[in-house]
Amino acid sequence: MINNNIMVRLCMLLALTFWLNVPLQANDLYLGAATADISPKLPVALMGQFHMRIAETADTPLYAGIVAIESRDGQTGLDTAVFVSCDLVYISARLRQELRDEVAKRIPGFNVNKIIVSATHTHTAPVLEDDLEESSFIYPIPEEGVTKVKDYRALFVRSVADGIEDAWANRSKGSVTWGMERAAVGYNRRTVYKDGTSVMYGNTNKDEFQNLEGYEDHDMNALFFWNEADELLAMSVDVACPAQEFEHKTTVNADYWHPVREKLKSRFGQKVSVLGWIGAAGDQSPHSMYRKAGLARMQELAQKTRMDDIAERIIRAVENTYEIVKNDRHSNVVFHHEMENLELPMRIITKEEYIESEKVVKDCQEQIAVDPNKATLLYAKMTWFGDVLKRYKAQQKNPEATYSSEIHVLRIGDAAIATNQFELFTDYGIRIQARSKALQTFVVQLAGPGTYLPTEKAIAGGGYSAVCQSNVVGAEGGQVLVDRTLAIIDRFWDEENAVRLKKKL
């Protein structure tokens, strides 16, 4: 007869195996990489401010870095992921779907839902939407003399699909490692005053100033990928700060990722694909909130710009990390990838917020009717507040409405990667990293249509980025996102425990 304890353990193992429904062992990794040029034809309308900007020139190219990953058991493919990091302000749902549709045509049988497209949040990249049905934040782009939005999307899709096809076709057995280092880049940009209100980029040099609202995450996380010939293929660099040092410019610019990418390529090889990831940073920016005069003096004495300083901090952290972890490569690792459409409770629009938004929309309409030239300044604001009116009316019909949000959670060896579509406030990223069972956890925001996702304390303080116009999902949804992400990460590490239990039996 079988001992009862052994029987219980066998049943536990069987239940775990059925529950996980994925391989429970390390497997070989096959890797490919590419870089796609996604620079627009000029002139082009830029996204990122309330007023329309037309770029006549480009300071830098715009790129998409691509890494294709496949795990195999012998010649049998098990799981996949394709990361695409783009010099864009966000990734619209339409753009992502058009890219996936194109890749499906080119690579028959490939699961295009495994393609993860994220943005660096540069505010000097092209507008992606010009349809009110698709976006709540658009501009009155001239009909003539400017690249049409649909034409830019088509250019993007062709170029990135070419890159994905190339990376996938040329994948070979490879290895990966991960590491981290401190690199102070971002500043919390929400100022809190004595009356409890918060203001983005509020003045700190006044008696009412109390504190900056939230934490600053200065960890720089990196992944390095090699091919079978021990050539460095690609690296992903995760910084909790959006790329918006040049956010007000009227030229095309990849912001701080351009000098970072160029100098890393100079150090590691021109063929290396550099993927810029932005960690949870909805309340962060590279702009100093205080001690500005002292910082300006140091930059002048050093004969450096703020952009130089940002790039050097990131490059130094990447190089230091590389030197530490380069000999700890892993070619046979646990690799899992799950994509889920998570239903998040939508932020409730109050009657007062509806009335306020209605007043703003009417005021904008009246000003434009009197002076049509004001459309370039007011149209985006009008559509931004107009979206609140649509949401309020929909809420009356369905007060329990949810917002479907695509998330990806991956395990690569001892590292976890968790993506979300939002400008996610940093506190949420800290919650995920602090509670994760992974040795190292990467949080990647703006992997989809971006709206701010503020914390409860931010909503209480108000101000841009925390008001209802700025977000479709509120703090309750933010916690759901955190908890569900962690549940998937935990399950990936519970698989390891299941394997250990099997070996003991």
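This report describes the overall build of the chain, its domains, and a few of its residues.

## Basis of the model

The structure is a predicted model, in which local features need pLDDT of at least 70 and side-chain atom pairs count only at pLDDT 80 or more, while totals for chains, interfaces and linings use all residues. Residues are numbered from 1 along each chain as its sequence is written, and side-chain values use heavy atoms, with hydrogens and water left out.

## Overall build

The chain contains 11 helices and 23 strands; these are DSSP runs numbered from the N terminus, with helices (H or I) of at least four residues and strands (E) of at least two. The radius of gyration of the chain is 24 Å, which agrees with the value near 23 Å that a compact globule of 505 residues would have; the radius is taken over C-alpha atoms, and the globule rule is 2.2 Å times the number of residues to the power 0.38. Along its principal axes, the C-alpha trace of the chain spans about 90 × 50 × 50 Å.

Of the 505 residues of the chain, 56% count as buried, where buried means under 20% relative accessible area, exposed means over 50%, and partly exposed lies in between (1.4 Å probe, protein chains only). The accessible surface of the chain comes to about 21,700 Å², and 50% of this surface belongs to carbon and sulfur atoms; accessible areas come from the Shrake-Rupley method with a 1.4 Å probe, and for residues only the protein chains shown count as cover. When contacts in the chain between residues at least 6 apart in sequence are considered, 80% of them join residues at least 24 apart, a contact being heavy atoms within 4.5 Å.

## Domains

The domain assignment gives domain 1 (27-334) and domain 2 (351-397), with bounds that come from an automatic or database domain assignment. The C-alpha centres of domain 1 and domain 2 lie 32 Å apart, and nine residues of domain 1 are in contact with 10 residues of domain 2.

## Backbone features in loops

The peptide bond from Leu-42 to Pro-43 is cis, with omega near -5 degrees, and Pro-43 lies in the loop that runs between strand S1 (27-37) and strand S2 (44-47).

Asp-230 sits in the loop between strand S13 (219-226) and strand S14 (232-239), where it counts as exposed because its relative accessibility is 51%. Gln-303 belongs to the loop between helix H5 (292-302) and helix H6 (306-325), and Gln-303 too is exposed, with a relative accessible area of 73%.

## A buried strand residue and an exposed helix residue

Ser-273 is part of strand S15 (residues 273-278) and is buried, with a relative accessible area of 1%. Leaving aside neighbours within four places in sequence, the contacts of Ser-273 include Ala-33, Ala-34, Thr-35, Ile-66 and Leu-233. Ser-273 and Val-333 are 60 residues apart in sequence, and their C-alpha atoms are 22 Å apart in space.

Lys-105, in helix H2 (residues 93-106), is exposed, with a relative accessible area of 65%. The C-alpha atoms of Lys-105 and Glu-129, which are 24 residues apart along the chain, are separated by 24 Å.

Pro-142 is found in the loop between strand S7 (125-126) and helix H3 (149-169), and Ile-141 is placed in the loop between S7 and H3. Pro-142 counts as partly exposed at 36% relative accessibility, whereas Ile-141 counts as buried at 19%.

With neighbours within four places in sequence left aside, Pro-142 is in contact with Met-52 and Ile-54, while Ile-141 touches Ala-45, Met-52, Val-127, Val-146 and Val-149. Ile-141 and Met-52 are 89 residues apart in sequence but 7.6 Å apart in space, C-alpha to C-alpha; the C-alpha atoms of Pro-142 and Ala-293, 151 residues apart along the chain, are separated by 41 Å.
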